Amino acid sequence: MASVSVTVDGVRYDDDVEARTLLVHYLRENLGKVGTVVGCDTSNCGACTVLLNGRSVKSCSVLAVQADGQEVTTVEGLARDGVLHPVQQAFHDRHALQCGFCTPGMIMAAVSFLADEPNPTGEQIREGIEGNLCRCTGYQNIVRAISDAAAAMRSGDTAQPAATEVSV
Amino acid sequence: MTVTDERPAEVGAPRRRKEDARLITGRTNWTDNIVLPGMHYMAVLRSPVAHARISHIDVSAARSRSGVVDAFTGADIADFQGSLPCAWPVTPDMVHPNRPPLAVDEVRHVGEPVAVVIARSRNAAVDALEAIDVDYEDLPVVLDMEAALAEGADLVHSDKGTNKSYTWIFESGAAGTGASTDEAFAQAEVVVKRRYKQQRLIPSFMEPRSVVVDPTGDVITVWSSTQIPHITRFLMSLLTGTPEHKVRIIAPDVGGGFGGKIGVTAEEMLSFFAARRLGKPVKYTETRSDSLVSAHHGRDQIQDIEIAAKRDGTVLGLRVNLLANMGAYLGLVAPGVPLLGAFMYNAIYKFPAYRFECSGVFTNTTITDAYRGAGRPEATYAIERLMDELAVELGLDPMEVRRRNWIRHEEFPFTTVAGLTYDSGNYEAATDKAMALFGYDALRAEQASRRASGDQVQLGLGISTYTEMCGLAPSRILGALSYGAGGWEHAAVRMLPTGKVEVVTGSSAHGQGHETAWSQIVADQLGVAFEDIEVLHGDTRTSVKGLDTYGSRSLAVGGIALYQACQKVIENAKPVAAHMLECDVNDVEFSNGSFRVRGTPGEGKTLGDCALAVFAAHNLPDGIEPNLDAEAVYDPTNFSFPHGTHLCAVEIDTETGVTKIRKYVAVDDVGRVVNPLIVEGQIHGGVVQGIAQALFEEAVYDGSGNLLTGSFVDYTLPSAADLVEMTTDRTESPAPGHPLGVKGVGEAGAIASTPAVVNAIVDALRPRGVNDVEMPCTPERVWRAANLSGGAQ
């Protein structure tokens with residue numbers, strides 16, 4: 001067993017874990033942070049993406065012990081004081097999710113991407129989230145949502161963006 | 001309560017989804033989240049070989065591992081494990097081999113379960129698999145369908161004497177739905193014949209399948225990541241001998257399905273047996289690698305298709321001969337999947353004669369079964385590819401050939417050569433809209449100039465004018481096709497005393513947005529607020545009956561049941577309202593959420609007022625049951641027939657073979673739209689799944705029957721970076737057969753898009769002598785087609 005001290009969504013945890021424990025399994029099984037999910041076993045799908053010290057990582061590709069002394073943010077810790085993060089809000093407004101299984105990872109990847117590229121083109125967004133697979137949406141509304149969120153974050157407006165038009 | 005002002009219609013509004021609140025914040029309830037006191041975990045040992053006799057198997061070492069509580073083999077449960085079900089015996093003489101959840105003497109595909117371990121932790125269960133000792137004696141491996149049908153072929157099931165499961169034939173002359181196909185071909189001025197290959201695909205829902213079985217209560221409760229909780233309850237009861245009322249199935253949040261979660265699976269049954277044996281809750285969650293090799297695959301057909309026409313482009317007849325790979329056994333509805341396509345090869349065209357023949361073939365591969373569209377994408381692909389080939393043969397524009405043959409809007413309802421009556425549609429309107437959005441003529445001009453200049457990048461234009469049959473399905477037709485169940489759907493509406501509403505639906509959503517769309521329908525019908533409606537589904541204890549979700553049926557069938565249940569609630573409330581309004585029941589009218597005395601303006605009584613009145617029941621008219629709640633079951637009288645025109649422009653770099661989608665326009669007519677946001681999302685996702693078949697995905701086996709695409713490294717789902725923004729629009733031809741006018745949208749995109757893309761690729765390369773590129777059209781295949789002599793690769 002190995003000891004790990006990690007802050008997850010603002011709460012500090014001290015645990016002993018099997019050294020082989022992946023961060024995603026630690027989050028789900030030890031901490032009950034089941035908002036973060038496992039979609040594959042080859043680090044392709046990105047469903048398990050969380051922020052490690054503010055940067056996106058696939059939590060299936062990180063050992064829990066590698067997160068020792070660090071700060072993890074999951075989709076459960078993104079909203080503040082009951083207000084959705086602009087990316088969450090934009091995913092809702094733009095219908096950027098259907099079954100929702102890829103959504104936690106997609107949102108966290110988008111949050112990290114927008115920290116690096118606050119004013120992205122559609123093409124940059126597509127490149128930026130290519131490590132996250134979605135089977136439902138065809139990505140079109142995800143790209144729109146991330147673009148909307150970027151605009152909202154640039155204007156510092158975390159309130160609900162104006163209702164968006166639907167082209168159907 | 002007071003009567004509210006006229007509220008805007010909910011149906012047609014782009015309501016943001018109720019489901020999202022939990023999904024974007026991680027407050028979800030996936031099956032794998034469930035943890036119960038004393039819960040054990042199951043791991044499954046799978047066959048590493050495609051066909052072998054199990055000469056020796058021993059789980060004793062695994063059983064003695066730390067943390068392990070049980071381990072068993074097929075032989076240990078052989079006397080009661082039975083066979084996983086196939087519910088669609090398409091012919092009376094269909095060869096239907098047993099499919100035991102755990103192989104007993106013989107394995108017939110890589111990934112077939114051979115033993116399980118149950119332990120107190122997931123890790124302990126998985127670790128102990130390596131202690132299981134199995135000896136396999138190789139048997140001949142059967143992979144190629146045509147070889148499998150040859151005289152003297154090796155057999156997947158040696159006791160059956162054949163690799164053919166069934167042959168199913170339809171002929172319009174014999175059926176009385178059209179002319180004799182042979183005579184039609186005898187009159188042909190032009191015959192075009194092609195062979196198309198529908199590669200094997202893997203549905204690839206994002207949530208791996210998971211099941212938890214809890215045997216500790218008075219009933220056995222099963223949580224499963226399934227599309228079909230009600231069908232699973234019925235079948236699991238029969239298969240395990242557990243009385244049906246003692247089995248409860250819950251499909252909690254389910255992360256996608258696309259047909260891939262239609263089935264009663266080996267893992268569900270094994271978890272059930274393990275839980276019952278141990279008296280403890282048991283959980284099994286597959287890894288993605290498990291999933292790709294063991295959850296059912298889709299498509300995998302060889303299509304020989306032949307069209308007879310006159311020189312002016314008028315079609316005379318169509319012949320289709322299909323081989324459908326069933327895999328090693330028969331999946332729940334697998335034999336019927338090609339039949340769902342059988343009625344669609346004639347598509348939107350007025351064929352006078354049609355013959356269809358399909359044989360289901362066993363091979364040593366993972367089973368196939370329904371995958372988004374199930375039979376209809378295959379049919380649409382073949383006919384839409386062939387219409388392009390006919391156009392080339394005749395020197396006509398491909399859209400012109402279609403126009404000369406399609407059913408005109410004034411000809412609906414139209415009974416086709418396959419015997420279906422298409423109720424409505426307007427192919428002209430959808431096509432005109434799509435052509436305008438696409439800029440067809442300008443793109444053709446650019447294509448000509450690129451061809452003339454010998455540009456390295458060539459442009460191709462692809463058309464798909466599709467229809468589909470969905471809203472599965474009229475029970476009588478399913479019966480006539482020997483399917484094992486009906487096609488009705490159930491809904492219930494419960495009026496709570498505070499005026500809130502609970503809606504129960506028998507279809508089981510896994511991304512479709514039922515909670516939102518159903519709320520919109522009920523809000524309009526009952527005049528209650530969208531927010532005051534709760535939609536319940538996916539639990540056989542609350543949703544007591546239903547036939548679940550597949551075949552674009554939830555709205556087109558379940559939505560009508562819901563509408564009817566709403567009408568019954570209004571009827572139930574009428575005498576109560578009349579009593580409160582002190583008028584005769586015949587003088588009461590209901591509109592905009594209120595009962596009023598006919599012709600009298602001002603305050604009336606809402607359904608909520610009536611609900612409170614029957615809750616108290618202090619002052620009801622004599623003989624009135626204190627109840628407003630109602631349920632309805634709707635059995636459709638016909639399928640529904642969405643249609644549309646999809647246009648795709650591709651740029652092909654002839655030196656690298658890379659295909660880039662330049663423009664994609666989809667104009668779909670799915671009848672009346674309840675929520676345009678949800679409809680657009682369904683089209684986006686469907687179109688991309690179809691594009692993925694055209695360009696990216698294929699399940700590949702090596703010569704020994706190993707699945708080479710056994711992980712997401714090799715089974716290449718497209719990412720956002722592989723795709724471009726598409727343009728969507730719609731026309732609206734309401735379904736005339738029922739009051740909502742809806743048609744279903746779940747499969748349309750996936751049915752339409754594949755031929756649009758491949759037609760565009762072939763069109764780009766046509767001057768180089770190319771008349772086909774096999775799917776998926778990878779850069780290598782496209783490059784070979786573009787650059788090697790003869791064109792067709």
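This is a predicted model: local features need pLDDT of at least 70, side-chain atom pairs count only at pLDDT 80 or more; totals for chains, interfaces and linings use all residues.
Residues are numbered from 1 along each chain as its sequence is written, and chains are lettered from A in the order in which they are written. Local features need pLDDT of at least 70, side-chain atom pairs count only at pLDDT 80 or more, and totals for chains, interfaces and linings use all residues.

**Exercise 1.** Describe the side of chain A that touches chain B.

*Solution.* Start with the contacts (C-beta atoms, placed from the backbone, within 7 Å). In these terms, 47 residues of chain A meet 50 residues of chain B. Next, take the helices (DSSP runs of H or I, at least four residues, numbered from the N terminus). On chain A, α2 (86–93), α3 (103–116), α4 (122–128) and α5 (140–154) each supply at least two residues of this side.

**Exercise 2.** Check the span of helix α7 (residues 229–240) of chain B.

*Solution.* The rule is 1.5 Å times one less than the number of residues. Twelve residues should therefore span 16 Å. The end C-alpha atoms are 16 Å apart, which agrees. Just after α7(B), G241(B) takes a positive phi of about 70 degrees.

**Exercise 3.** Is α7(B) mostly covered or uncovered, and what does it pack against?

*Solution.* Count buried residues (20 or more other C-beta atoms within 10 Å of the residue's own, C-beta atoms placed from the backbone). Nine of the twelve residues qualify, so the helix is mostly covered. Among them are I231(B), F234(B), L235(B) and L239(B). The buried residues pack against β10 (220–224), β11 (247–250) and α8 (266–278) of chain B; strands are DSSP runs of E, at least two residues.

Technical notes
Two residues are in contact if their C-beta atoms, placed from the backbone, lie within 7 Å.
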